[in-house]
Amino acid sequence: MDVQGWLETVPAVSIYLLVAIVIGVESIGIPLPGEVVLVAAALLASQHGHINPYVLAACASAGAVAGDSTGYVIGRKGGRPLLAWLARKFPKHFGESHVAVAERSFEKWGMWAVFFGRFIALLRIFAGPLAGVLKMPYWKFLIANLLGGVIWAGGTTVVVYEVGKVAEDWLKRFSYVGLGVAVVIGVASMLVVKHRTKKATDKAAAERAESTPVPSVTGD
């Protein structure tokens, strides 16, 4: 059986569950490629009629909202020791500089950091747990969580689905070219995110260094 035929046999419910689980676990605070999985599923929906894009968007939204809410509860109960534990387990994602950037975002934007955090790779895994650690009122968190989760998941699904439908014929004729372009775009996006994250963490580190008092040295 070729790949196209095999994909047609994959039960739609398994795709919905996979997307909801991966996005939910990522939203709790465990680094997983939630956005990549959602984009891949939306592209799959655009080329295989048995996957309903609206159901897919609903499952992704549910996973995002439930995961963030769970992360909030865990963060509120775990407090600062939780962040220290996460830093030991996932130093590349929960390092001191990353936490500092996320905290600055929360201090500056409040509940909107939760909303916009859904669209930013670094903040996506921080939003729920950090909001809990900082004891943000739950009603504020819930409003931002619902809006961010639904708009991010639904918007991503619809945009990718529509683009996939338009490009379907082109991808069938130039499958290898299309795959190559997709890989290049994916790698470029990842590099841009990494560059912006590094720039933000470097800025936060510099600001902390400037704010740290330097002990005066007196001569004999």
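Trainee: What pattern does the chain follow, read along the sequence?

Mentor: The pattern is α-α-α-α-α-α-α-α-α-α-α. That comes to 11 helices and zero strands. Helices (H or I, at least four residues) and strands (E, at least two) are DSSP runs, numbered from the N terminus. This is a predicted model: local features need pLDDT of at least 70, side-chain atom pairs count only at pLDDT 80 or more, and totals for chains, interfaces and linings use all residues. Residues are numbered from 1 along each chain as its sequence is written, and side-chain values use heavy atoms, with hydrogens and water left out.

Trainee: How much of the chain counts as buried?

Mentor: 40% of the 220 residues. Buried means under 20% relative accessible area, exposed over 50%, and partly exposed in between (1.4 Å probe, protein chains only).

Trainee: Take α2. How many residues, and how far does it reach?

Mentor: Helix α2 covers residues 12-28, which is 17 residues. From first C-alpha to last it reaches 25 Å, close to the 24 Å expected at 1.5 Å a residue. The expected span is 1.5 Å times one less than the number of residues.

Trainee: Which residues of α2 are buried?

Mentor: Among them are I15, Y16, V19, V22, I23 and E26. Just after α2, G29 takes a positive phi of about 130°.

Trainee: And α3, what's its reach?

Mentor: Helix α3 (residues 34-47) reaches 20 Å with 14 residues, close to the 20 Å expected. Its buried residues include V37, L38, A41 and L44.

Trainee: New topic. Which residues form the nonpolar patch on the surface?

Mentor: W109, W112, F116, F119, I120, W139, I143, L147 and I151. Together they have about 930 Å² of accessible area. Areas come from the Shrake-Rupley method with a 1.4 Å probe; for residues, only the protein chains shown count as cover. Patches are made of residues with over 30% relative accessible area and no salt bridge; like charges are joined within 9 Å, nonpolar side chains (Val, Leu, Ile, Met, Phe, Trp, Tyr) within 5 Å. A salt bridge is a side-chain nitrogen of Lys or Arg within 4 Å of a carboxyl oxygen of Asp or Glu.

Trainee: Which helix gives the most to the patch?

Mentor: α10, with four residues. α7 (111-117) and α10 (138-173) each supply at least two. W109 lies in helix α6 (residues 96-109).

Trainee: How many aromatic pairs are there?

Mentor: Seven. Rings of Phe, Tyr and Trp (its six-membered ring) pair if their centres lie within 6.5 Å; planes under 30 degrees apart count as stacked, over 60 as edge-to-face and the rest as tilted. F115 and F119 are tilted, because their planes are at 55°, with centres 5.7 Å apart. F115 is buried at 12% relative accessibility, while F119 is partly exposed at 39%.

Trainee: Which residues do ring pairs link into a cluster?

Mentor: W112, F115, F116 and F119.

Trainee: Where do Y138 and F141 lie?

Mentor: Both lie in helix α10, three residues apart, about one turn. Y138 is partly exposed at 36%, whereas F141 is buried at 0%.

Trainee: What lies over the face of W152?

Mentor: R118, at 5.1 Å from the ring centre. The rule wants NZ of Lys or CZ of Arg within 6 Å of the ring centre and within 35 degrees of the ring normal.
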